[in-house]
Amino acid sequence: MIKACLFDLNYTIVSPSKDRGVGVDGMVDDLANNSVDSLASPVRGMTGIDTEGNRERMHENIQVFWEYGSRQMPDMILPGALEFLKDLHRHGIRLASTATDCRPESVLSSVGLYGLFDYIVDPATVAERPDPEALVKAMDYLDLRPEECVAVENTPEGIEAARRAAGIRCLAVGDLSKLTKADMGVPSVKGLTYERLKEGLENPVHEC
């Protein structure tokens, strides 16, 4: 029985801006150039730095970073993704982000999907795929077993992570010629529903 879907966001739910990395790196450089390096450190994933009484200034810089990031990251919801998420939600399926290649809170907030998700894995606290740590952490938080979850992935590494997560099934989204080891595959989530997902996992098929 499906109780949760764990999404790797990029190319399954959103199409990332190719300029995101440039924008984020530019903002980090701006922060570093206008203050001591420790002020920019939290942006790079480091925490706990409070030397020379910089906490207030550091907080201000982080707020500026997120405001800047929201403007510089024009992610677009992929066709059919919103409808698919809402259909899952209507059926009581819990949603989690297990993305490790972006800042998921910012991405989901910028496209208006944040409120649909029950849990968002912090990329700074987990290993990248094919390590299954992000999936395991989401399942632990949701208090669910692998057989109750579906990982939604778009890379061979993501599928491998799902396979390593002791029984979690995997929906592959994208170029199916490269994603052959998933339990179910679709070129995109457009037209996908909870019922189609459930049926596809029960009768594995890769759609063309």
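Helices (H or I, at least four residues) and strands (E, at least two) on this tour are DSSP runs, numbered from the N terminus. With that in hand, go to the loop between β6 and α7 (156–164) and select Asn154. Before going further, note that this is a predicted model: local features need pLDDT of at least 70, side-chain atom pairs count only at pLDDT 80 or more, and totals for chains, interfaces and linings use all residues. Residues are numbered from 1 along each chain as its sequence is written, and side-chain values use heavy atoms, with hydrogens and water left out.

**Stop 1: Asn154**

Is Asn154 buried or exposed? Asn154 is buried, at a relative accessible area of 18%; buried here means under 20%, exposed over 50%, and partly exposed in between (1.4 Å probe, protein chains only). Now show its contacts, meaning heavy atoms within 4.5 Å. Setting aside neighbours within four places in sequence, you'll find Asp8, Asn10, Tyr11, Thr12, Val173 and Leu179 in contact with Asn154.

**Stop 2: along α7**

Slide on to α7 and colour Gly158, Ile159, Ala161 and Ala162, the buried residues of this helix. They sit on the same side of α7, because they cover an arc of only 155° around the axis. That arc is taken from the directions from the helix axis to the C-beta atoms. What do they pack against? The partners are α6 (133–142), β6 and β7. Just after α7, click Ala166 and check its backbone: phi is positive, about 55°.

**Stop 3: the strands**

Jump to β1, which is joined to strand β4 (residues 94–97) by four bridges, with the two running parallel. Two strands pair if DSSP finds at least two bridges between them. Pick Ala4 and you'll see Arg94 of β4 opposite. From β4, carry on to strand β5 (residues 119–120), a parallel pairing over two bridges. There, Ser97 has Ile120 in β5 as its bridge partner.

**Stop 4: the nonpolar cores**

A nonpolar core is a set of buried Ala, Val, Leu, Ile, Met, Phe, Trp, Tyr and Cys residues joined through side-chain atoms within 4.5 Å. The largest one has 32 residues, and Cys5, Phe7, Leu88, Phe117, Leu171 and Leu197 touch the most other members. Elements giving two or more residues to this core include β1 (4–7), α5 (104–110), β8 (184–186) and α8 (194–202). α4 gives the most, with four residues.

Zoom in on Leu88: beyond its neighbours within four places in sequence, it contacts Cys5, Phe7, Ile93, Leu95, Tyr194 and Leu197. Apart from this core lies another, of 23 residues, with Ala4, Leu6, Leu135 and Ile159 among them.

**Stop 5: Asp87**

Stay in helix α4 and select Asp87. Asp87 is buried, with a relative accessible area of 11%. Not counting residues up to four places away in sequence, Asp87 touches Thr193 and Tyr194.

**Zoom out**

Show the whole thing: eight helices and eight strands. Of the 208 residues of the protein, 47% count as buried. Among contacts with a separation of 6 or more, 56% come from residues 24 or more positions apart.
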